[in-house]
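Let's walk through a protein chain together, one piece at a time.

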Amino acid sequence: MGAAALRWPAGGPGRQRRGTARLDRRRRPPRRPAHALSPRDPGALGRKDHLAPQPAGAPARSPQTLSGRLLGIGTGPGDPELVTLKAVRLTRTAGLVVSLAASGRPSRARRIMAPHLPTGVPEITVELDMGPDRTAVDRAYDQLALDIRAEVARGHDVAVLCEGDPLLFGTFIYLLQRLPDLPVEIVPGISSPHAAAARAAWPLATGDRAFAVLPATMGIDRLRERLARVDAAAIIKVGSHLPAVRALLGEWGLAGEALLAVQATTEAEAITPLGAYAGETAPYFSLVLTRGLGGARG
Ligand SMILES: C[S@@+](CC[C@H](N)C(=O)[O-])C[C@H]1O[C@@H](n2cnc3c(N)ncnc32)[C@H](O)[C@@H]1O
């Protein structure tokens, strides 16, 4: 399997290329005129311009800033009702919708957004080989970034769907880093820690307490050190690290009250006390909500 493969939805063009993110223009609606971008639309002004105050009487934007935009669309944690109105509007009107998926798997972000998308939306799915070798996946991001740049230069908005929030451990970040000069608009999504906490009615932080989002992939020693300093944490990417996480929290007497949230807000949701979970590994879409040692002592 190549680093990346395009998957068209049923009925879409049969043409596929692996290792690239080649974009097909046949299904695209007429190009939106550049002047259709509202001057008040932050993405239309470019990242740096948007942050800087715009002086009264500032010169008109250059033709380059009248191009399309890179849109980072947060789709939320799983429940399509948790997609924001803005995410739906910008995705429906984009010139191209890009979904990312691990090889052989459906795109979770695409599935979350599916009920909101009209049929025939111009879109591609890019399959990424998430094996241990980062080279292939990096090359795929490089190619996709080139293709997105070309689309944006043609005046199209390119909406990249990202589950949860795009800027919280989101794949969108890898594209944002490769395209620092493009006009961008990012629609925040409800993150998985927020979703799990809401489903479990589990307060994340109050007053001057510290809450952290910690990937279990950082290794148990770093996790131990970070957890010792915060009052509460969401431990994401638990997967095969579950036994180590459970042992660490058990050692500190926290396993009894910690929660394992699997597929929060989806039909497959299961939220159980960590101590009661029998599995040796946790599904990919699961996280642990726990107090930290700071919280245990406080
Ligand atoms: C690459 S991170 C993406 C995080 C995402 N951008 C967010 O804002 O939540 C993937 C991890 O998020 C967590 N995750 C995502 N969706 C989840 C859900 N619905 N329920 C539980 N955990 C979830 C899992 O720990 C998973 O391994």
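Before we look at how pieces pack, we need one term: two residues are in contact when heavy atoms of theirs lie within 4.5 Å. We also need a word for residues hidden from the surface: a residue counts as buried when its relative accessible area is under 20%. Please keep in mind that what you see is a predicted model.

Let's begin with the whole chain. It holds nine helices and eleven strands. Of its 298 residues, 46% are buried. Now consider the contacts between residues at least 6 apart in sequence: 70% of them join residues at least 24 apart.

Follow its strands across in the order 7-8-11-9-10, and you will see that the pairing is mixed. Strand 7 and strand 10 stand at the edges with a single partner strand each, so one side of each has no neighbour in the sheet. On average, neighbouring strands of this sheet are turned by 20 degrees against each other, ignoring direction.

What holds paired strands together? Strands of a sheet pair through backbone hydrogen bonds, in either a parallel or an antiparallel way. For an example, look at strand 9 and strand 11, which pair in the antiparallel sense over four bridges.

Now turn the model until you can see helix 6, residues 192-200. Helix 6 lies across strands 7, 8, 9, 10 and 11, and runs at about 70 degrees to strand 11. Which residues of helix 6 are buried? They are Pro193, Ala195, Ala196 and Ala197. These buried residues pack against strand 7 (211-215), strand 8 (232-236), strand 9 (259-262), strand 10 (270-273) and strand 11 (286-291). Just after helix 6 comes alanine 201, which takes a positive phi of about 50 degrees.

For a last stop, visit a loop. Serine 107 is found between strand 3 (96-102) and helix 3 (108-113). Is serine 107 buried or exposed? Its relative accessible area is 5%, so serine 107 is buried. The side chain of serine 107 also reaches the backbone oxygen of leucine 100, at 3.3 Å.

Methods
Residues are numbered from 1 along each chain as its sequence is written. This is a predicted model: local features need pLDDT of at least 70, side-chain atom pairs count only at pLDDT 80 or more; totals for chains, interfaces and linings use all residues. Side-chain values use heavy atoms; hydrogens and water are left out. Buried means under 20% relative accessible area, exposed over 50%, partly exposed in between (1.4 Å probe, protein chains only). Helices (H or I, at least four residues) and strands (E, at least two) are DSSP runs, numbered from the N terminus. A polar contact is a pair of N or O atoms within 3.5 Å; within protein, one must be able to donate a hydrogen and the other to accept it, and residues adjacent in sequence count only if both atoms are side-chain atoms. Two strands pair if DSSP finds at least two bridges between them. Axes are lines fitted to C-alpha atoms, for helices over the stretch in contact, and angles run from 0 to 180 degrees between N-to-C directions.
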